[in-house]
Amino acid sequence: MEDQGHLSLSKNRFVDLSFIAQQTHQMKYLESLDLSFNSIFLDKPCFWPIHITSLSLSNNNLGNKVFSFLSQYLQRIDLSKTVITALTKEDLLQFPMLTHLFLSSNSIKVIPTDLSPTLVSLYIDQNYITSVSRESLAGLPSLRTLKAGDNPFVCSCDSYWFMTTLNKSLLPDWPLDYTCSTPPSVADLPMSEYRTSRMSCEAWLQAAVALPVTMLIVLALCSAFYACDGVWYTKMLWMWIRVKRRGQKQANLLNNTTFRYHSFISYSHQDSAWVESKLVPSLEGAGLSLCIHERDFVPGQWIVDNIINCVEASYKTLFVLSNHFVQSEWCNYELFFAQHRALDAQQDSLVFILLEPIPTNSLPKKFLKLRRLLMQQTYLEWPKDERKQQVFWVNLRTMLQVADHRILKDMALELTQSASLIPDDLDPLLK
């Protein structure tokens, strides 16, 4: 039927689209052609006249390749229910004057971006579209009508913009034909009734809130860590771990060596009150054997001989460092002997307790080695806080108990072939 430039050949049995296109060249006034509900197939190129601007091929089994058989002069195309499964930007590039496109009842899943700058009306209802993105509609700047109902929409952040921001005047079927398909908790719920927060869907907003909250939490943790002396406790833990690891390495070096004492205590007589009231009771109360010059030096022997014998008979040499210590001549000798013994035995046998802060500029020149040792060796600082003192004693006992199975309280065995420990500057004292 032809009426004022329109010809309807709907509901017939036409099969050859190329033949129909060729025949329309003789219909000079024909502008609109309806070939819906036929049995058209696509096998040969079609050459359409320029005067046809509207074509309907709905309800034909055509597939995705149909676009390449259509006229570039078309302004209105109806391809509803034509088994199209995908729509691409390239499909519509060949239609520079296209304004109306009907793709209802197909299997299209996505509306591509930058689809068509000229499209005014798009019908894409009853497809498999799960969401309509902001980017997709940004590619349709001339769009005035969008029919997208009866699709399996996912009610999530992917559809947040569509439900909250999109101008609903574009949607002639809103809100009746728009329902949630998934997730199951909101299935069949009208999209107009679905509620979600902007915070849960806007990543930049989440970051804007999470960043300062995270910074506050970190700041609070750091403040608590500092207020609770976390640095000090961390340092003590690290020392304990290092002592345990060193003990494993030293086991092979000292398998055949035995000692009388766990430790020889080197200290200034002016610090004897702390040693006798704090150090000795705590360590000997834990079962450790200590060598103290005021108690264990052999009467009648030279002081230097006593120092050497006690250093060699002890698994560790424990130095109680203070401002008094660095002023003591004999403390300097004890440090010298213990250091040489450690080098000869290839053993980490020096333990330092810093009883009080010692300014670097207060160290005499003869104690320059001590400064280097404190930079290289692990040392414990005596804390004033009683809670910290418990951790201090645990670490100190751990340092001295590593070789507990090699301590013989009733037998003193010297290190085999120990090198001479007497320095040249002590010769006048021995004569």
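What follows is a chat about this predicted model, one question at a time.

Trainee: What share of the contacts with a separation of 6 or more comes from residues 24 or more positions apart?
Mentor: Here we look at pairs by how far apart they sit along the chain. Among contacts with a separation of 6 or more, the ones between residues 24 or more positions apart make up 62%.

Trainee: And the outside? How much of the accessible surface belongs to carbon and sulfur atoms?
Mentor: The chain's accessible surface comes to about 23100 Å². The part that belongs to carbon and sulfur atoms is 55%.

Trainee: Which residues form a nonpolar patch on the surface?
Mentor: One member, Val 213, is in helix α6, which covers residues 203-227. With a relative accessible area of 41%, Val 213 is partly exposed. Together the patch has about 280 Å² of accessible area, and its members are Val 213, Ile 217 and Leu 221.

Trainee: Is that link left-handed or right-handed?
Mentor: Look at the angle about the S-S bond, which is -90 degrees for Cys 155 and Cys 180. That link is left-handed.

Trainee: What about Cys 291: buried or exposed?
Mentor: Its relative accessibility is 0%. The cut-off for buried is under 20%. So Cys 291 counts as buried.

Trainee: Now the strands. Which strand pairs with β11 over five bridges?
Mentor: β11 spans residues 261-266, and six of its six residues are buried. Three bridges join β11 to the parallel strand β12, with Ile 265 partnered by Ile 292. In the other pairing, Ser 263 stands opposite Lys 316. The strand with five bridges, also in the parallel sense, is β13.

Trainee: Why is helix α10 largely enclosed by the rest of the structure?
Mentor: Helix α10 runs over residues 303-312. Its buried residues include Val 304, Ile 307 and Cys 310.

Trainee: Which residues does Ser 58 touch, not counting residues up to four places away in sequence?
Mentor: Ser 58 lies in the loop between β4 and β5. It is buried, with a relative accessible area of 7%. Ser 58 touches Ser 36, Phe 37, Asp 78, Ser 80 and Thr 82.

Trainee: On to charges. Which residue meets Asp 16 in a salt bridge?
Mentor: Side chains of opposite charge can pair when their charged atoms come close. The structure holds four salt bridges. The one with Asp 16 has an N to O distance of 3.5 Å, and the partner is Lys 44.

Trainee: Which residues are linked in a network of salt bridges?
Mentor: Begin with Arg 295 and Glu 284, whose closest N and O atoms are 2.8 Å apart. Arg 295 lies in helix α9 and Glu 284 in helix α8, so the pair ties together parts that are 11 residues apart in sequence. The network consists of Glu 284, Arg 295 and Asp 296.

Trainee: Last one! Which residues is Lys 384 in contact with, leaving aside neighbours within four places in sequence?
Mentor: Lys 384 is in the loop between β15 and α13. At 68% relative accessibility, Lys 384 counts as exposed. Its contacts are Leu 355 and Gln 389.

Note on methods:
Residues numbered from 1 in each chain as written. Predicted model: local features only at pLDDT ≥ 70, side-chain atom pairs only at ≥ 80, totals over all residues. Heavy atoms only, no water. Patch = residues over 30% accessible without salt bridge, like charges linked within 9 Å, V, L, I, M, F, W, Y side chains within 5 Å. Areas by Shrake-Rupley, 256 points an atom, 1.4 Å probe, with all protein chains shown as cover. Salt bridge = Lys/Arg side-chain N within 4 Å of Asp/Glu carboxyl O. Helix = DSSP H or I, 4+ residues; strand = E, 2+ residues; numbered from the N terminus. Buried < 20%, exposed > 50% of the residue type's maximum accessible area, 1.4 Å probe, protein only. Contact = heavy atoms within 4.5 Å. Disulfide = S-S within 2.5 Å. Pairing = 2+ DSSP bridges.
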